[in-house]
Amino acid sequence: KNILPFPTTSSLHTSSANSSYFPSLSRTPLQRPINISNKLGISCYMDSVIQCLYWTPGFTTDFLNAKQKAENLIGEKENLIGETFRNIIASYNEGSTNAVEDYTSFLIDLLRGYFFAKTGKSGQQDSQDFLTDLLSILTNMYYKRLKVTKPVVEEAPVPHTVQEAIEENESTETHSFVQDLFQSTVIKTSTCQKCKTKSFKAEYQEIFTLEFGSGSLPSVRFEDLFNTSFREEYLGKSCESQECILVSHMLSVVRAKKNRKDYDEEYSHYEKELQKIGKLRYDDQILHKKQMRILEPPKNLIIYFKRFETFADGRINKKINTIVADIPFRMYLKDYMYGNSKKEDIIYDLYAFIHHKGEVGGGHYINYVKIKDQWWFVDDTQRALRVLMNTDFDSLRKYLAKSYILFYTKIK
C-alpha cells in the first residue's frame, strides 16, 4: 500500500538488439543526472548506486522490460525491495524527481529491516553491500531467459575441457537481464606439475574484487593490482591421474614411517626422490599451477576495491586509503582473455565511479557519471554539477584515485 503505482507499459520503450549507450526512451532522453535529495541523511550509499546503474548502458530499458518470475525462492521483503527499486528507476526514467524521492525514502526503511534480518545488526549497508545484494535480488526476480537445469550427478568427473567446465557450471545457473548486462565467464585452469594434466573450472562473476592485501602501501598502480587476480600461483592439490595417486600414496607412507623408530636411510632417500621427481608439497598433495582468465567478457564491467577491513563478526575495522594510480579511462583486456591467440582488442570505457569520503563510522558517498562525452559530479546533498575540463578535471582524478567502485562498458 505504501508503493506508488507502476508506470504504464505504454511509457516504456522496448530495448533493441543494438542498445544505445544511453537509455532509450519514448521521449527526449535525459541529458543530465536528476537530483536525488538525501532527506534522511543516510541514503547516499544507495543514491550513488542508483545513479551509476541508471546510466549503465542497457540497464534501464532491459530492467523495465524484463518479466518478473511468477515464483522465486527469495522472501517477501526481498521482492518488495526489487519492486520498489524498479519504481525508482521507472520514475527516474520519466524525470519525476518527487516520485524518486518518495520511493527512495520507502526503500531506506525496507533496507534497514533487511540489513538487520540478514546480519543481526542495526545500521546501514555501504554501496558495495547494497549493489551486491540488489543485483542478487534482481537476478532472482526478473528473468530474461532460462537455461535447462541438468540433473546433478554424484561424484561427477573433473572437467578436462573448457566446454565441459562451462556445461557443468550452466547446470545450476539461470539467466536474467542482470547477468546479460554484468556477467562474465572466467575459466580457472589447474595444471599438475607432475603429470601435466589440466583441469578447468568455469565461474560466473558480476563484480571483480581487487584486494590491497596486508600491509597496504600508500599507493599502487591499477595495472599491478588488477594483475594479482590473473597471475600464476602454485598450490597443493590432489591429482586424479593414476601416476600422481601412486606418488601421493607413497609419500604418505614415507611420512608415516618417518615418525616411527624403523625410519631408515632407504625411506629418507626415497622421500627425497619423491620430492624431486613428484614436485610435492609437504601436505602430501601435488603442486599445481593455477591461473584465471576471462572466457566471456561482460557487457559492463564492475570493479570493486576492498577498502574496508572487517572483524570476524562483520564489523568494519578500518578503511584502506591506498591511492590507486593510473586508473584507466579506457581499459584493454585482450591480455586477460582465455584463448585469445590473435590478441583481438577487448576495450572498455569508464562511465561512472563511486567514491567514499571520510573514515570508518562516518562519511559520505559521491559519484561521477559520464553522459555522452560529458562528466557530471553527483552528490545527493546538492544539484549535479557539470565537470569542466579546464577547472574540475583535477578533482575528478583525485577522487578516482581513491575510488570505491568502478563501472566500465564494453565498446569493442
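**Strands, cores and cavities in a predicted model**

Cysteine 192 has histidine 288 of strand E9 as its bridge partner. This is a predicted model, in which local features need pLDDT of at least 70 and side-chain atom pairs count only at pLDDT 80 or more, while totals for chains, interfaces and linings use all residues. Residues are numbered from 1 along each chain as its sequence is written, and side-chain values use heavy atoms, with hydrogens and water left out.

Start with the overall make-up. The chain has 11 helices and 19 strands, taken as DSSP runs (H or I of at least four residues for helices, E of at least two for strands) and numbered from the N terminus. Of its 412 residues, 47% are buried; here buried means under 20% relative accessible area, exposed means over 50%, and partly exposed is in between, with a 1.4 Å probe and protein chains only. As for contacts (heavy atoms within 4.5 Å), 72% of those between residues at least 6 apart in sequence join residues at least 24 apart.

Back to E9. Strand E9 (residues 286-296) runs antiparallel to strand E4 (residues 184-192), and eight bridges join the two. Strands count as paired if DSSP finds at least two bridges between them. E9 also pairs with strand E8 (residues 233-237), again in the antiparallel sense, over five bridges. In that pairing tyrosine 234 stands opposite lysine 289 of E9.

Strand E19 (residues 403-410) is another one to look at: seven of its eight residues are buried, leaving the strand mostly covered. Strand E15 (residues 347-357) is joined to E19 by seven bridges and runs antiparallel to it, with alanine 352 bridged to phenylalanine 407 in E19. Strand E10 (residues 300-306) is likewise antiparallel to E19, through five bridges, and asparagine 300 stands opposite threonine 409 of E19.

Next, the nonpolar cores. In soluble globular proteins, nonpolar side chains tend to be buried together. A nonpolar core is defined here as a set of buried Ala, Val, Leu, Ile, Met, Phe, Trp, Tyr and Cys residues joined through side-chain atoms within 4.5 Å. The largest one holds 60 residues, and the members touching the most others are Phe59 and Phe85. Helix H4 (residues 97-119) supplies the largest share of this core, with nine residues. Leaving aside residues up to four places away in sequence, Phe59 touches Leu53, Tyr54, Phe85, Ile89, Leu138, Phe177, Leu181 and Phe182. A second core, separate and made of 35 residues, includes Val186, Phe230, Phe353 and Tyr408.

Helix H4 also holds tyrosine 103. Tyrosine 103 counts as buried because its relative accessibility is 4%. Its C-alpha atom lies 9.7 Å from that of isoleucine 89, a residue 14 places apart along the chain.

The lining of the largest cavity divides into six nonpolar, four polar and three charged residues; Ala, Val, Leu, Ile, Met, Phe, Trp, Tyr, Cys and Pro count as nonpolar, Asp, Glu, Lys and Arg as charged, and the others, Gly among them, as polar.

Cysteine 44 is placed in helix H1 as well. With a relative accessible area of 5%, cysteine 44 is buried. The C-alpha atoms of cysteine 44 and glycine 363 are 9.5 Å apart, although 319 residues separate the two along the chain.

Finally, a couple of loop residues. Lysine 196 is not a glycine, yet has a positive phi of about 70°. Lysine 196 sits in the loop between E4 and strand E5 (198-205) and counts as partly exposed, at 48% relative accessibility. Aspartate 326, also not a glycine, has a positive phi of about 60°. Its loop runs between strand E13 (323-325) and strand E14 (330-332), and at 59% relative accessibility aspartate 326 counts as exposed.
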